Amino acid sequence: MDQTKWHQLTANDLLHALGVHAEQGLSEEDAAARQERYGRNELSEGKRVSPLALFFNQFKDFMVLVLAGATLVSGMLGEYLDAITIIAIILLNGVLGFVQEFRAERSLRALKQLSAPMAKVVRSGKLCHINAHELVPGDVVLMESGDRLPADIRWISTSSCYVEESALTGESVPVNKHHQAIKQDELPLGDLKNIGFMGTMMTRGTGKGVVIRTGMDTEMGKIAHMIENTESMDTPLQHRLEQLGKILIIVALALTVMVVVAGILHGQPAMGMFLAGVSLAVAAIPEGLPAIVTIALALGVQRMIKRKAIVRKLPSVETLGCASVICSDKTGTLTQNKMTVTRLWMGGRALEVSGEGFEPTGQVTEEGKPLDLKNDQALRRFLQISALCNNAVLSESYPSELRSAKGSGKQAKKAKEVKKQGSEELKPVWDIKGDPTEGALLVLAAKLGMTPQTLAGMYARMEEYPFDSERKRMSVIVTHQGGRNVLAKGAPDVLLNRCSYILWDGKVVPLTAGLKQKALAANEAMAKQALRVLGLAYRELKASEPAAQESAVESQLIFVGLAGMIDPPRREARDAIAVCRRAGIKTVMITGDHQLTAEAIAHQLGIIPHGGQTVNGVQLAQMDDDALDKVIDNIYVYARVSPEHKLRIVKSLQRKGHVVAMTGDGVNDAPAIKAADIGIAMGITGTDVSKEASALILSDDNFATIVAAIEEGRGIYENIRKFIRYLLASNVGEILVMFFAMMLGLPLPLVPIQILWVNLVTDGLPAMALGVDQPEKDLMEHRPRAAKENIFARRLGWKIISRGLLIGVCTLIAFWLTWSVDPNSAGQLTKAQSVAFATLVMAQLIHVFDCRSSRSIFHRNMFQNRYLVLSVASSLLLLLAVLYVEPLQPIFKTVPLHFRDWAITFVMAGIPTFLMGIGSVLSGQRSGKSGGAKPAYTSNRRAA
Ligand code: ATP
């Protein structure tokens, strides 16, 4: 098949060669058989780290190697039990690290899969959206502006079709594609104008093509390694933590060396001190931190997916928590995108339309009287344009059990019965495929019996000048009774500027300034009622007129009238906007729609506060950047703007120090989406280009989802802070207890195995459980944090050091209280070490609950996070096992504790949390008295 010269074939020969019908496409069975034969439409993936390599990577760490070496030496010196246990602990640690990293990697891979491209394909006569990986040679695909080509295709019909092929040819000017056969035999890729290549991008127009090559057989497959997604998924926080990790290693090592030296100077045996030092270094270095951060991010991302937000770039999870402005499109994001035409205006006549949703039942009435198409030429013209200058498809379907009424058998019989009885369930479900604005016009025409199908015999489409947000209009040329007509629709103000005539009282008359004013006034009146308004126009093309120039074709038009459609605001958007306000996040509406429509909807949603301003595209164009920067903080609605304006808005907001989230769906939105701190694309209506530029995709196109994602983003960041707080304070405590003991000339308060045990049991699971902790209630009551905020900001550094210090000192006191009873007895030393061990573990397990709150342990329900409760309970059980299970006692150098020992343990382990809790309550009361509101995060980042 590869040898075929696809470009030389005519469309018919091509379809014949691939065994497919242009309208029907392949059948599902045929497609499945072809997939068996040709494989999935995928480029082979780059190298992946194998699980085995990942496992061995866990033991590459320098300190772990030193520990293993030291253990072997001590084993050779006869300490077999110690050596075996330490090796077992090292292995267990490795397994834990492996599980963490493996999970993190798998989640990241799943993430990539989620943003896999989709394709619009005709299968068994139906248009469906399938995962592009399922395409096979012979599939008929439909493409439009903004789509990335999912495979190599041969075009069979095109309309103003431009494709940007720089990914393949390096040529950045889009190529105008056509569907004629090309005679020449050998041609460079750039000249194969009837072929589209996988991975290239459609920038304008529409087209239909047949897949000729998939997967590694495509041109892109030949150079697959070049387009592999090499983008790093590391977040800035992960980078910073990596650097922090390096600093911590140095600090831990330095302290360890001091501990070892001090111990030896005070007469401790060198080998024992060395082993204790290495164990301490292994325990104190938070090697699990990066993996836990990744897991917290990845699990957060999973939660976001459940809330309909798909994160494409992991760093954006972090940025989400800093967002201070959300710039949102209106249609479909803040509104439901369920358009219904309710009012018409035609040559001074105001008409009403009844009916709801996409169901084509309803009437058009004038002063209460239903209108009839036969006697109303203007209305007929209006509806013809509505139905023909339109790419949407209206379809009906029945609930699944009724579909079987078509066949035979028991179920079909029952279904037929239900149908006969005329039950409620029988009602077909009407649905629109394509642009809902066009869908509404299609439904309007269908209400009076006019559909593209009924008109098909009389009109044939020759050419289309597609809609885009820049042009704000669309037109088609149709042939009718030997002549050619231009049918156009678009934003009324834009369209009226291209009209020279108007249909008034059934006659075509010049569009005088007065008549134009009347049309504009009617437009404004509808817009003020929050209606989205479209104008309709037409004209006949002269026989001599070429159809090539769209600006010439779309001129001298005859204005027919206006269609006003409702698009109700999303109910949840209003609540989400209120949440944003409380969270110190400003919501801005950016829309291509009319200013009055935009304002009316913004008021319904509560976007514009008292004194807030609206600006339209023309005013915006007149402002230079300085002028815009001066007023931007007070602008809440941008109306009739083009996508290029979005980039200016993003840049200006960023200059003012904001962290900007910006939504978009079209090709032209991509630059703004890319420039924004959080670029957001629409999952349903968004083009591939916008999705690829984005960091976040809303799978339901819903504004409320952005706010949910921000909430998750904030929660994830706070969780990361929680376990950093826990891990580091624990490690500080471990180091300090040893450090102080050696400085004071005391014996070792903990033996190496105990230190390693603490590291394994208390640091692993409880820390991970903190990573999935529920957010605090007032998470969305704070202003956003500054983007450059240090991870230790908001007193976290202080909390870590003070708590670590308290844990270290209290553990040492517990040790001393027990040891000093009989300093010369070896048995008493073991007991004191057991008490110190139990105190350190208990102090950490109490502290972990404390870390859940930015204030203190008393501010949250301790049992809310069941993972934490379970992990703490299992750590406690393991502690008891080490203390009381006899065979374990010689391994861990422990003895059972008695009442006095436990009393010391509990008191000393509880003191750090108790003291800090009291401190926090007192300081809370003080700030309460001084009338301070809840602690607010700082608002600006670049200023920081
Ligand atoms: P958003 O609020 O998401 O920016 P919008 O639909 O208001 O969306 P655009 O899609 O840029 O903004 O549309 C701008 C204007 O173009 C609309 O107000 C409408 O008058 C007109 N328009 C929209 N869709 C079509 C279409 N399919 N054909 C012709 N004109 C259209």
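Tutor: Begin with secondary structure: helices (H or I, at least four residues) and strands (E, at least two) are DSSP runs, numbered from the N terminus. In this protein chain they come to 35 helices and 28 strands. The model is predicted, so local features need pLDDT of at least 70 and side-chain atom pairs count only at pLDDT 80 or more, while totals for chains, interfaces and linings use all residues. Residues are numbered from 1 along each chain as its sequence is written, and side-chain values use heavy atoms, with hydrogens and water left out.

Student: What percentage of the residues of the protein chain count as buried?

Tutor: Buried means under 20% relative accessible area, exposed over 50%, and partly exposed in between (1.4 Å probe, protein chains only). Of the 944 residues here, 53% count as buried.

Student: Where is Lys 177 placed, and is Lys 177 buried or exposed?

Tutor: Lys 177 is in the loop between strand S5 (175–176) and strand S6 (195–196). Lys 177 counts as buried because its relative accessibility is 3%.

Student: Which backbone oxygens lie by the polar side-chain atoms of Lys 177?

Tutor: A polar contact is a pair of N or O atoms within 3.5 Å; within protein, one must be able to donate a hydrogen and the other to accept it, and residues adjacent in sequence count only if both atoms are side-chain atoms. For Lys 177, a polar side-chain atom lies 3.2 Å from the backbone oxygen of Leu 192, and one lies 2.6 Å from the backbone oxygen of Ile 195.

Student: Which residues come nearest to the ligand?

Tutor: A residue is near a molecule if one of its heavy atoms lies within 4 Å of it. There are 20 residues around the ligand, and Thr 331, Asp 435, Glu 438, Arg 532 and Thr 591 come nearest. A polar side-chain atom of Asp 435 is 2.9 Å from a ligand nitrogen, and one of Arg 532 is 2.4 Å from a ligand oxygen. Thr 331 uses a backbone N or O atom, 3.0 Å from an oxygen of the ligand.

Student: How much of the ligand does the protein bury?

Tutor: Accessible areas come from the Shrake-Rupley method with a 1.4 Å probe; for residues, only the protein chains shown count as cover. Taken alone, the ligand exposes 610 Å², and the protein buries 93% of that.

Student: Which element gives the largest share of the shell around the ligand?

Tutor: S21 does, with three residues.
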